[in-house]
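Welcome! Here is a short tour of how two parts of one chain meet. Take a look at the model before reading on.

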Protein chains: 2
Amino acid sequence: ARPAQLKGTLILVHVANMPSFLARTIYYSPIDHKNLNRVYPGRRDGSVSERIAEAITREVIDRSDYLVDIHSGDGNESLRPYTYWSKLGLDARADSLGRMMALAWGNDHIVVDTDRPRDLKASVYTQNTAHLRGKPSITTEAGYLGVAAEDMVQRNVDGAFRLMRFLRMLPGDVQLVEHPIWLDRTAVLTSPGTGVWHPRVDRGTTVQRGTVIGELTDFFGNVVAQVRAPFAGEVLYIVGTPAMSKGEPVGMIGQTAKENDR
Amino acid sequence: ARPAQLKGTLILVHVANMPSFLARTIYYSPIDHKNLNRVYPGRRDGSVSERIAEAITREVIDRSDYLVDIHSGDGNESLRPYTYWSKLGLDARADSLGRMMALAWGNDHIVVDTDRPRDLKASVYTQNTAHLRGKPSITTEAGYLGVAAEDMVQRNVDGAFRLMRFLRMLPGDVQLVEHPIWLDRTAVLTSPGTGVWHPRVDRGTTVQRGTVIGELTDFFGNVVAQVRAPFAGEVLYIVGTPAMSKGEPVGMIGQTAKENDR
C-alpha cells in the first residue's frame, strides 16, 4: 500500500510507555510504579503513568474513530495470539463494530469481555476508555518474552492492513476470520506466593479442569504450590520466566463458547 | 552424588540479588538503581546493593576457598556459554587455579581477563573480590533472555559436579576441557544512542572486523546507527530485545588467542 492510497488519518503511537519500555520493566513504571493500562483515563496533574494515560486519552483516543491497542507480549509472558473484544451492552454500535474489528484483525481466538468498567471516569484500560467514549476498539495480543519475533511482528502488520481495508481506509478485499473461536469464559490465574515459577504447559495448550499449569517452588526448589486450571480451556498465556511474586499473574485460561453465534 | 560423599562444604547462594530478581530488572536494582556486580566489596552502611555485596563478601567469599559466580543470562542477553578467567599476575596460585577451575567447569570458550581492578577496596566484581583475596574464582555464563532453558540449567549442574570432582570434594574422574578456546581480546560494544535495537547476528556467530552486529533505529524505524565488530571474532552475546538506551551494552565480541598455550 502507498500512503497516497490512504483515506482518513492513521495515528500511530510507536511506544506508549517510554519509561517502562526503556527500563524494560514488567507491568509497572520504573518511575511511579503504576501500571499504565490500569490508570485510564488518567490525570493531567497526576504521576507520570497517569499523565501518559491522560495524553493518550486526549491526543489519541478522543481524536480517533476506531482504536486498536496492540500488545506484543510482556517480557515474562509466553502468549498465543488473540484479541480482546468488549461487549458491554451499553452501546450497540461500539459493541458490534468492535466485534467486526476483531474479525477483521485476523486472530481467530477472540476473548469476549463483558465485565469491564462502565464508569467513564474510571475506564481503567486503554481499550475500555475508547469503548466508553463510543469508539469501537480492540486489544490485540501477539508476541512473547520481549522478543521481536518476525512472525509476530508480521501478524501485527497484517492485522493493521486488514483492518484499514475493512474500514475502507485502504482499497482491497475485506477479509474476516471465517471460523472465530470465541472465548467467553476466561480466568487470569495468579500466584499464591513469592518464589520461583515453573510453567508446566505451553502457550496454546488445551487443558482440562484441574490440569497443573505450573508450580511455585521456594528458592531452594521445594514445591510450595501448584496452580491448576479452574475449568477446561486453552492456555492463552503462561508466564515463561522464573521470577514470581505473590499475586502476580501466572497465566490465563480461556474457554471456548458452547454456541458459536456471537 | 549423595550428600554423604561430599568432602568439605558447598555454600550455595540461590538468588544473590533478590530485589532485582523479583522485579525482573536488568543490570540495576529497582531500589537503589545500582548494579550489584559493580559495587564490591560493598558497604555495611550502604544502599541495598552495597549491603548485599558486603554480605556476600563477608558470608560467602571470605568463608570460601574457591568461588564460582554463576551468571545465567540477563533478561535481554542472548548468550553463548563461556567462562571468565582472571589472570592478573598478582597471585600466581589464584591465577593458575582459576585457569584450572575454568577448564574443569566445562565451557570450552574462556575469556582471559587481564585488566580487572587490582585494588582490594574497589574490587568491583564478585569474582574479582574473591581473586584479590587469594581465592581462585571464575564467572560462568550460560542462558539467555531470562528463560530457564533446560540445557543451560543442565550445563550449570554439570559444571558444579565437574568442579567438585576436580576439587576432590566428590569422588570420580576429573574431566578438563581438552581443547579450550582462549579469548584474550574482547570488547563489550555499547549503544551510541537511545532507541530500538535490531540485532543482526546470533549468539556464537563468527564475525569479521566491520560486520554489522546490529542497528539502532529511532522510534519511527529510521536507522540512526550501525554497530560493527571492531575486530574479527565470535559473538559471545548479543542483546536480543528491542529496548535500548545510550551507553548500554549491545553485545560482546571475543577474539581467539593466536597461540593456544595459556
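In this predicted model, 15 residues of domain 1 of chain A are in contact (heavy atoms within 4.5 Å) with 16 residues of domain 2 of chain A. Domain 1 covers 3-166 and domain 2 covers 183-256 of chain A, with bounds that come from an automatic or database domain assignment.

**How to read the model**
- Residues are numbered from 1 along each chain as its sequence is written, and chains are lettered from A and ligands numbered from 1 in the order in which they are written.
- Local features need pLDDT of at least 70, side-chain atom pairs count only at pLDDT 80 or more, and totals for chains, interfaces and linings use all residues, while side-chain values use heavy atoms, leaving out hydrogens and water.

**Layout and buried area**
- The C-alpha centres of domain 1 and domain 2 of chain A are 24 Å apart.
- Together the two domains of chain A bury about 1300 Å², with 56% of it on carbon and sulfur atoms; buried area is the accessible area (1.4 Å probe) that two parts lose on being put together, summed over both.

**The link between the domains**
- The count between domain 1 and domain 2 of chain A is one salt bridge, meaning a side-chain nitrogen of Lys or Arg within 4 Å of a carboxyl oxygen of Asp or Glu.
- Arg80(A) forms a salt bridge with Glu234(A), and their closest N and O atoms are 3.2 Å apart.

**The domain 1 side**
- β2 (77-79), β3 (82-86) and β4 (109-113) of chain A each supply at least two residues of the side of domain 1 that touches domain 2; strands are DSSP runs (E, at least two residues), numbered from the N terminus.
- β4(A) gives the most to this side, with four residues.
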